[in-house]
Amino acid sequence: MIVEQEAKKAIENFSMPDNIGFGKVLLPIMAISEFKDGKWSELVISPYKKLELDPTTKVLHYGQEIFEGMKAYNYKGQGPVLFRPIENFKRFNFSASRMAMPEVPEEIFMGAVHKITSLGEKFVPRRDGESLYIRPFMIATEKNLGIKPSEEFMFIVIASPVGSYFSGGTIKVFIEEEMIRACKGGTGNAKTGGNYAGGLNAAIKTKEKGFDQTMWLSAEDKDSIEELSGMNFFCVIDDKLYTPELTDTILNGITRKSIIELARHENIEVVEKRLSIKELKGLIKEARCTEAFACGTAAIITPIDSFHDERGESFHLKSAHGPVARKLRNKLLGIQQLTETDSFGWIEKIKETI
Ligand SMILES: Cc1ncc(COP(=O)(O)O)c(C=O)c1O
């Protein structure tokens, strides 16, 4: 790994604004490795800079790109630590393989994540709910308009000190019944830009109607709940925790997986199965479904206040800040912020020597 002198200077001269928001303030450094002739180049840590791309660069036309989202925590200055980074690494290479891109070796992926975080250690926020959001991504960089997989790629890691994603506490969910996010055999379980671009129209519609998040249903039956635009979905029915079972149309969320493991550890029964929105509406009305929440790296666990459909009907949960969501959120954040014992081995200390 090469750490440019200029990158060290950029960090030394950096000062962080008090109000950081989400994804607006970037550390002044980045990590880059390029793939050419079948090989990855040595990782370089440079100052944060603009990319110069030829107008024919394939990613600009055919969207061959993938990304990850992960966080480093430094609550009360006890870190920085990463949360299950190996899971992000595995999912990144799963997405790479789905999008006809080369896998990134573990030492390059982890080396970049650890080095960016250790160099930026002073700027990993220390207040409750804050963290350093780390964004590894890969783009196809071959210059050529032919619709063929690129043979050249760039792997980059940037990082952003962030506050909480949702400030309001609970969210109102709009059930999207016209557009779809993913279909069987498609790319729904890969973290690739096109999935998000295809959901933006629905996000506009959701906001225009006055709601916060779009809920996606299965393309096949327009009834099975899949997930929200950047989060997985859970609900509590008759005191059991339910989440849609994974298919190739749902992103395999690391927070989802952690919540399932945490809940089982807490003796909460977890059921992974197909969930019908039609049935869920009825269960909310009967007050058998008492809580619902969204989860993800950015959102952590965000309670759902209500669901709203195309016909203007609303379905309000009995307790938006229900006991199950609260308990799991406290446990999860406690592990991430080092105030709870990590009996799962999810926390990884930043290696300064990498
Ligand atoms: C579509 C989608 N679903 C779910 C998630 C939650 O995944 P994770 O918990 O790994 O952040 C994300 C965020 O990465 C996402 O983009």
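Reader: How far does a polar side-chain atom of Glu227 lie from a nitrogen atom of the ligand?

Author: First, the general idea. A polar contact is a pair of N or O atoms within 3.5 Å; within protein, one must be able to donate a hydrogen and the other to accept it, and residues adjacent in sequence count only if both atoms are side-chain atoms. Here the distance from the Glu227 side chain to the ligand nitrogen is 2.4 Å. This is a predicted model, so local features need pLDDT of at least 70 and side-chain atom pairs pLDDT 80 or more, while totals for chains, interfaces and linings use all residues. Residues are numbered from 1 along each chain as its sequence is written, and side-chain values use heavy atoms, without hydrogens and water.

Reader: Which elements give two or more residues to the shell around the ligand?

Author: Elements are DSSP runs numbered from the N terminus: helices (H or I) have at least four residues, strands (E) at least two. Here they are helix H7 (254–265) and strand S16 (289–296).

Reader: What about Lys191 and Thr297?

Author: An N or O atom in the Lys191 side chain sits 2.6 Å from a ligand oxygen. For Thr297, a side-chain N or O atom is also 2.6 Å from an oxygen of the ligand. The protein buries 96% of the 380 Å² that the ligand exposes when taken alone (Shrake-Rupley method, 1.4 Å probe; for residues, only the protein chains shown count as cover).

Reader: How many aromatic pairs does the structure hold?

Author: Rings of Phe, Tyr and Trp (its six-membered ring) pair if their centres lie within 6.5 Å; planes under 30 degrees apart are stacked, over 60 edge-to-face, the rest tilted. This structure has 15 such pairs. One of them, Phe233 with Phe307, is edge-to-face, at 6.0 Å between centres and 70° between planes. Phe233 is in strand S13 (residues 232–237) and Phe307 in strand S17 (residues 300–308), 74 residues apart.

Reader: Is Phe233 buried or exposed?

Author: Buried means under 20% relative accessible area, exposed over 50%, partly exposed in between (1.4 Å probe, protein chains only). Phe233 is at 0%, so it counts as buried. Phe307, at 1%, is buried too.

Reader: Why is the pair of Phe234 and Phe293 stacked?

Author: Because their planes are at 15°, with ring centres 5.2 Å apart. Phe234 lies in strand S13 and Phe293 in strand S16, so the pair ties together parts 59 residues apart in sequence. Both residues are buried.
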